Structure formats: structure tokens, C-alpha cells
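Thanks, everyone. I'll go through one structure and keep to residue-level geometry. Please have the viewer open.

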Amino acid sequence: MGVSTHVLDAATGRPAAGVDVRLEYADGDTYTEIGRGRTDADGRVRAWASGGEVTRPGTYRLVFATGAYFAAHDVAAFYPEVAIAFTVAIPDEPHHVPLLLSPYAYSTYRGS
């Protein structure tokens, strides 16, 4: 299975389109990119370039280029990126990690 995500811009109440996202796997203290994507008009990454499959248990993270997203909309923002690390115990289960975003705050949860 893979990891899915979507981003909602809480300041506008709309999906955050055009956010670059990296999917990484932790190997000790080092993260290795295993997928890359960009949110579509619905704020979702529908397909990961270069894989994006979760094939083994461990620690993964999604890194969202939030600073570039807000800069493209002429909005000052506090966080240049948001990195969400999470643990995968069973790779065959779906892992959905949404991001609720605003210029000065963010929130996440394990979705379905």
C-alpha cells in the first residue's frame, strides 16, 4: 500500500493546490526520499513520482513545502515547511495523513 495525503488551507477554507510534497523513509538518523508529488486542485497527491510505496515497517515522513505555497499566494507564513513523521507497523494497511494548514499553524491526524 502507499501513503496518501491531502492539504486543506484553513485560512481560505479551500484545498491547497500546488503544494510540493516529499515522502521519505527513515534509515537510522537519515531520511531517504521514496516519492514526490504535488497536490492537485482538490489538495490531494494522487500519484507519487518514483514510487511512494510503503513496503516495510518503520518511520516515514511527509515534508510539505508550505513556505513556497504561501509565497506563491503572496501570503506571509511562519513555517517554510511542515514535516510529519509517522510510524508504519503494517505496510499492507492504508496510511492517509492529511494536513490542515494556515500561515501560522498546522494540524494533522491519521485519516482513513
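Buried here means under 20% relative accessible area, exposed means over 50%, and partly exposed is in between, with a 1.4 Å probe and protein chains only. This is a predicted model: local features need pLDDT of at least 70, side-chain atom pairs count only at pLDDT 80 or more, and totals for chains, interfaces and linings use all residues. Residues are numbered from 1 along each chain as its sequence is written, and side-chain values use heavy atoms, with hydrogens and water left out.

I'll start with His95. Because its relative accessibility is 4%, His95 counts as buried. His95 sits in strand 8, residues 95-96; strands are DSSP E runs of at least two residues, helices are H or I runs of at least four, and both are numbered from the N terminus. What does the side chain of His95 reach? The backbone oxygen of Glu93, at 2.8 Å. That is a polar contact: a pair of N or O atoms within 3.5 Å, where within protein one must be able to donate a hydrogen and the other to accept it, and residues adjacent in sequence count only if both atoms are side-chain atoms. Setting aside neighbours within four places in sequence, His95 contacts Gly2, Val3, Ser4, Val88, Ile90 and Arg110, with contact meaning heavy atoms within 4.5 Å.

Next, the hairpin. Two residues connect strand 9 to strand 10. Strand 9 (residues 99-102) pairs with strand 10 (residues 105-108) in the antiparallel sense, over four bridges; pairing requires that DSSP finds at least two bridges between the strands. Leu99, for instance, has Thr108 in strand 10 as its bridge partner.

Now the rings. Rings of Phe, Tyr and Trp (its six-membered ring) pair if their centres lie within 6.5 Å; planes under 30 degrees apart are stacked, over 60 edge-to-face, and the rest tilted. By this rule there are five aromatic pairs. One of them, Tyr60 with Phe86, is stacked, at 6.2 Å centre to centre and 20° between the planes. This pair links distant parts of the chain, 26 residues apart: Tyr60 is in strand 6 (residues 58-64) and Phe86 in strand 7 (residues 82-88). Both Tyr60 and Phe86 are buried.

Phe78 and Tyr79 have ring centres 4.9 Å apart and planes at 85°, so that pair is edge-to-face. Phe78 is exposed at 56% relative accessible area, while Tyr79 is partly exposed at 28%. Ring pairs also join Tyr25, Tyr60 and Phe86 into a cluster.
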